[in-house]
Structure formats: C-alpha cells, structure tokens
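Welcome, and take a moment to turn the model around before reading on. The paragraphs below go from one spot in the chain to the whole.

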Amino acid sequence: VADTVFVHCSAGAFNYSKHPNKSPPVYGDNVLTIQDVYGTPGFCFVGSFFGRLEAMGDVLSDDEKSFMCLAPQADASEAVPPLGPSGGDIGAISENHGLVQRVRNLEKWLNVPELKGWLEGHRLFNLGHLEAKQMVGIV
C-alpha cells in the first residue's frame, strides 16, 4: 500500500494539480504535468491525447505541446474546498474559463494534420463521430 497511488477522480486535483495560483505547463523539463485540458468526455480522452502528443516525438516541441494544452487556472481569491479545487462551476465566461479554453485547444488540435485525423473517429472523444470538417465548422 505504501507504493500505491490513489486517485480521487471526483476531486478537482487534475483540473488545477497542486498549484492553486498558476499551474505549470503540461510539458516541460522532461516532466508531464497531467491537467484537464478538455474536460468532457473526461480523463480517459485527455490521457489518450497526451499519449498521442508523446507518440508524435519531436514533431512538436514541449512549448508547442503545452500551447495546445491550456487548462483552467484556479481562482486564488476563492477558498479551496476540502477535496481540492473544482472546475465544474459554469460561472461567468472569460478568457480563462474552462469551456473557452477547451474550444481554443480543440481549434489548435484541428490545425495539426496528425491530430486532426486522429481525432476523427476517436471513440473516447465526444466529437469523434463527426468528420474533421464538421468539427472545424463547430469551432
């Protein structure tokens, strides 16, 4: 049990990691900091997306990968709930809002041919049933 990692997926830990003021970039210094960069349909898709970026090797730099992986930042002025910050509140729409960032991330992904083709038909992706040109039309 001492070497076991327990993940409480209903907590906001992945949304903001352990950095209530500013999360580190997803990719950097040979470290991958898992964060919620898309939300729905959840962490299975996000994990597969990070795996796809890693599988692309040096096609994209760590900075380019991180640029495509915006994640909501916790509001430092709000008290942190006992289970950690949560990104489930809709709240006021702003540039840093999770829904806005997801659309911005998706727009970036659809501009990379390797990712655009990979998203089409992806069964963990909530828009995977659409053709890539339909996804572009939505964004």
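Apart from its neighbours within four places in sequence, S66 is in contact (heavy atoms within 4.5 Å) with P25, V26 and Y27. S66 belongs to helix α3; helices here are DSSP runs of H or I with at least four residues, strands are runs of E with at least two, and both are numbered from the N terminus. With a relative accessible area of 12%, S66 is buried. Buried means under 20% relative accessible area, exposed means over 50%, and partly exposed is in between, using a 1.4 Å probe and protein chains only.

Before going further, a word on what you are looking at: this is a predicted model, in which local features need pLDDT of at least 70 and side-chain atom pairs count only at pLDDT 80 or more, while totals for chains, interfaces and linings use all residues. Residues are numbered from 1 along each chain as its sequence is written, and side-chain values use heavy atoms, with hydrogens and water left out.

Now step back to the whole protein chain. It holds six helices and two strands, and from the N terminus on they follow the order α-β-β-α-α-α-α-α. Of its 139 residues, 36% count as buried. Among the contacts with a separation of 6 or more, 59% are made by residues 24 or more positions apart. The chain exposes about 8,600 Å², of which carbon and sulfur atoms supply 56%; such accessible areas come from the Shrake-Rupley method with a 1.4 Å probe, and for residues only the protein chains shown count as cover.

Next, follow the loop between the two strands. Both D29 and N30 are found in the loop between β1 and β2. Most residues other than glycine have a negative phi. D29, however, has a positive phi of about 50 degrees although it is not a glycine, and N30, also not a glycine, has a positive phi of about 60 degrees.

Helix α2 comes next on our walk. Which residues of α2 are buried? They are F45, V46, F49, F50 and L53. These residues cover an arc of only 140 degrees around the axis, so they sit on the same side of α2; the arc is that of the directions from the helix axis to the C-beta atoms. On the other side of α2, C44 and A55 are exposed. The buried residues of α2 pack against β1 (27-28), β2 (31-32), α3 (62-67), α4 (98-110) and α5 (113-119). Just after the helix, G57 takes a positive phi of about 65 degrees.

Helix α4 also has 13 residues, and from its first C-alpha to its last it reaches 18 Å, close to the 18 Å expected at 1.5 Å a residue. Its buried residues include G98, Q101, L106 and W109, and the buried residues of α4 pack against α2, α3, α5 and α6 (132-138). G98 counts as buried because its relative accessibility is 13%. G98 and D36 are 62 residues apart in sequence, while their C-alpha atoms are 9.0 Å apart in space.

Side chains of opposite charge can pair when their charged atoms come close. A salt bridge here is a side-chain nitrogen of Lys or Arg within 4 Å of a carboxyl oxygen of Asp or Glu, and by this rule the count comes to two. In one of them, K65 pairs with E54, the closest N and O atoms being 3.8 Å apart. This pair links distant parts of the chain, with K65 in helix α3 and E54 in helix α2, eleven residues apart. K65 is buried, with a relative accessible area of 4%, whereas E54 counts as partly exposed at 44% relative accessibility. E131 and K133 also meet through their side chains in a salt bridge (3.8 Å, N to O). Here E131 is partly exposed, with a relative accessible area of 42%, and K133 counts as exposed at 63% relative accessibility.

Terms used: Expected span 1.5 Å × (residues − 1).
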